[in-house]
Amino acid sequence: DYIQRLVSGYAKGQALPHNIVPLLSALHARAAIRQIDCFAKIERPVNADITFGVNIDTRDIALALNLDVGPHTYRDVPMKYAKGPLAVYDTNNLTTAVVGPLQSESSTGPFAGTLVYRQENDSLELDASAAMDQTQLMNIINILNKGELKPVRCDTPLRVSAKGLLALESTSTATNALTGKVAFSNGTLFNLHVADMSGDLSIKGFTARFDNVAGSTSNGGKISGDIAFFFPAYAATSTLFTTHVSVSDTDLSELKRAFNVTNARVGQVSGGLTLNGHASNRTIPSLSGEGKVNIHDGLLHRMPLFAGFTDYLARTIPGISALVNQSSGSMDFVITNGVLRTENLLIEGDLFSIQGKGSYNLDSDALDFGMRANLFKQKTIAGRITHFVTLPFTRLLLEFKLFGTLDDPEWSYANILEKITDSLSGQPDQPSPADPSKPPPERVQP
């Protein structure tokens, strides 16, 4: 149409990408070529209807394709199919590509919605929903796929509905502004197994937030909180996180995965934790935060961590092991550079309570604690310990040092006769100064 200064055309049939690209190249539809190049390993010719128009004077372009793509890959993600329109508009050499409404399915689940790419500010506007593998989804939308979300792993398809704008490159003039909902059935948060997780998603600038997070642990304990990731200029290796997490009635055995500990633990845990650190590399040594924890209905005395104490009592006081039943505990703690410190560790049972303070290195799994065991602290079992009433003291303090690891702890203690003498003579409840002429305290192995 020379009057309208417009060239238009229409074609229908089957073609492979290398058949379509020459037309797009002739039309200078660079953004369309960029999108087409994301497709690979197409197993059959693509069913396509193509309509295009070109202004002869300005070389502005309008191009519409109805695509029906069979098995293929998109950004290296295996796809079963993809169906929907692709519209390309090129004005003043700046291209806008609209994909959708799109229906597609990867090897792990469906993806549906509309994607709008704008060359002017190198942005992606989306209104989409998906239920597929976490890594596949991040690769399809081409964001947060360089390890920024490493502490979060979804073992089942990640269900997402989101709407907003994403900057595809750190140099984009666009600013991330996206909101939505996320959920998954099973996965891990910082190695803690979780189930039925859901939360609100928001990405603003270089910050991704998950708020109102709620779910459960595998035994039915409750977990809630929020987590934020900061990825300056999309630098995955520089990604930081901060989180606040509360747990209630979580089985103590489940926490072993978070600390890579293998020995058995029994008990119910409740508490809260505020934590921040590096998300992608050397996470544990970077951790800082604070929290508190309470344990109840436990069998803490059976844990290898306290086996040295239990073994010592069994050898020193025949029959006492039957009364060692530490079942609850609590502590407040702070974490600095991956080292946990507490001043008020308390482990309690019917007969004994154990107080302690010290540190635990989360990275090297190194314990360094001073522990004190108090006898006859609970009045509810007086009938079970009548045979001890005739002892010539009413309170006996046992002080220990606890070293080693959670799986292989090492207990050392002061001479028991010195402790009894101090108790009878009214000396302060402090360990006697070390005598350099005496051998070091015996070490008790669990």
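Q: How many cavities of 30 Å³ or more does a search of the whole structure find?

A: The model is predicted. A cavity is a set of points where a probe fits but cannot get out. Searching the whole structure on that basis gives four cavities of 30 Å³ or more.

Q: What is the volume of the largest cavity, and which residues are the closest to its centre?

A: The volume of the largest cavity is about 240 Å³. Its lining is made up of 18 residues, and F39, Y74, A82, V99 and L102 are the closest to the centre.

Q: Which elements give two or more residues to the lining of the largest cavity?

A: Those elements are strand 4 (61-69), strand 5 (72-74), strand 6 (77-91), strand 7 (94-106) and strand 8 (110-118). Strand 6 gives the largest share, six residues.

Q: How do the residues of this lining divide into nonpolar, polar and charged?

A: For the largest cavity, 13 lining residues are nonpolar, four are polar and one is charged.

Q: What is the volume of the second largest cavity, and which residues line it?

A: The second largest cavity has a volume of about 110 Å³. Its lining consists of Q35, Y74, R75, A97, V99, L115, Y117, L124, I140, I141, N142 and L168. By class, nine of the lining residues are nonpolar, two polar and one charged. At least two lining residues come from each of strand 7, strand 8 and helix 3.

Q: Why is helix 3 described as largely enclosed by the rest of the structure?

A: The term buried is applied to a residue under 20% relative accessible area. Helix 3 spans residues 134-141, and six of its eight residues are buried, so the rest of the structure largely encloses the helix. The buried residues in helix 3 are Q134, Q136, L137, M138, I140 and I141.

Q: What is found at the N-terminal end of helix 3, and which residue follows the helix?

A: The N-terminal end of helix 3 is capped by D133, which places a side-chain oxygen 3.0 Å from the backbone nitrogen of T135. After helix 3 comes N142, with a positive phi near 60 degrees.

Q: Which residues of the largest nonpolar core touch the most other members?

A: A nonpolar core joins buried residues through side-chain atoms within 4.5 Å. The largest one has 92 residues, and F111, L126 and F229 touch the most other members.

Q: Which residues is L126 in contact with, leaving aside its neighbours within four places in sequence?

A: With those neighbours left aside, L126 is in contact with T114, L115, I141, A162, K163, G164, L166 and L178. Two of these, L115 and I141, also line the second largest cavity.

Note on methods: Residues numbered from 1 in each chain as written. Predicted model: local features only at pLDDT ≥ 70, side-chain atom pairs only at ≥ 80, totals over all residues. Heavy atoms only, no water. Buried < 20%, exposed > 50% of the residue type's maximum accessible area, 1.4 Å probe, protein only. Contact = heavy atoms within 4.5 Å. Helix = DSSP H or I, 4+ residues; strand = E, 2+ residues; numbered from the N terminus. Polar contact = N/O pair within 3.5 Å; in protein donor to acceptor, adjacent residues only side chain to side chain. 1 Å grid on protein atoms, 1.4 Å probe; cavity = no way out; pocket = protein on both sides within 12 Å on 5 of 7 lines; lining within 4 Å. Points joined across faces, edges and corners; volume = space filled by probe spheres on them. Nonpolar A, V, L, I, M, F, W, Y, C, P; charged D, E, K, R; others polar.
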